[in-house]
Amino acid sequence: FDLDVIVMLPDHLHAILTLPDGDADFSGRWRRIKGHFSSSLLRSGFMIPRHAGGELALWQRRVWEHTVRDEQDFARHVDY
């Protein structure tokens, strides 16, 4: 897949991904991105707090997904 745009803010991030033709596994891609990022932080010695159940307190559980319809929609989301 292509990572077209990414903006990291203090408490969240925004990204626009282009998935390969026939691939609609958006949530699977995010799960892998978050997993690799979290693992890299832990390996570097960065201390990440955990929730009571042991889950890392790094990511929100939900993502907002939008399929870009056309070039104008893409530009609008990049400007956001």
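1. Phe26 and Trp30 are separated by about one helical turn, because they stand four residues apart in helix 1; helices here are DSSP runs of H or I with at least four residues, strands are runs of E with at least two, and both are numbered from the N terminus. The model is a predicted one, in which local features need pLDDT of at least 70 and side-chain atom pairs count only at pLDDT 80 or more, while totals for chains, interfaces and linings use all residues. Residues are numbered from 1 along each chain as its sequence is written, and side-chain values use heavy atoms, with hydrogens and water left out.

2. Phe26, at 15% relative accessibility, counts as buried, and Trp30 is likewise buried, with a relative accessible area of 11%; the classes are buried under 20%, exposed over 50% and partly exposed in between, with a 1.4 Å probe and protein chains only.

3. The structure holds two aromatic pairs, a pair being rings of Phe, Tyr or Trp (its six-membered ring) with centres within 6.5 Å, called stacked for planes under 30 degrees apart, edge-to-face over 60 and tilted for the rest. The rings of Phe26 and Trp30 have centres 6.5 Å apart and planes at 75 degrees, so this pair is edge-to-face.

4. Helix 1 covers residues 26–43, and its 18 residues reach 26 Å from first C-alpha to last, close to the 26 Å expected at 1.5 Å a residue, where the expected span is 1.5 Å times one less than the number of residues. Its buried residues, among them Gly28, Arg29 and Lys34, pack against strand 2 (13–18), and just after the helix Gly45 takes a positive phi of about 95 degrees.

5. Phe1, Leu3, Ile6, Met8, Phe37 and Leu58 form a nonpolar patch on the surface, with about 560 Å² of accessible area together. Such patches join nonpolar side chains (Val, Leu, Ile, Met, Phe, Trp, Tyr) within 5 Å, from residues with over 30% relative accessible area and no salt bridge, the latter being a side-chain nitrogen of Lys or Arg within 4 Å of a carboxyl oxygen of Asp or Glu. Strand 1 (residues 2–8) gives the largest share of the patch, three residues, whereas Leu58 lies in the loop between helix 1 and helix 2 (71–79) and, at 31% relative accessibility, counts as partly exposed.

Definitions and conventions
Contact = heavy atoms within 4.5 Å. Patch = residues over 30% accessible without salt bridge, like charges linked within 9 Å, V, L, I, M, F, W, Y side chains within 5 Å. Areas by Shrake-Rupley, 256 points an atom, 1.4 Å probe, with all protein chains shown as cover.
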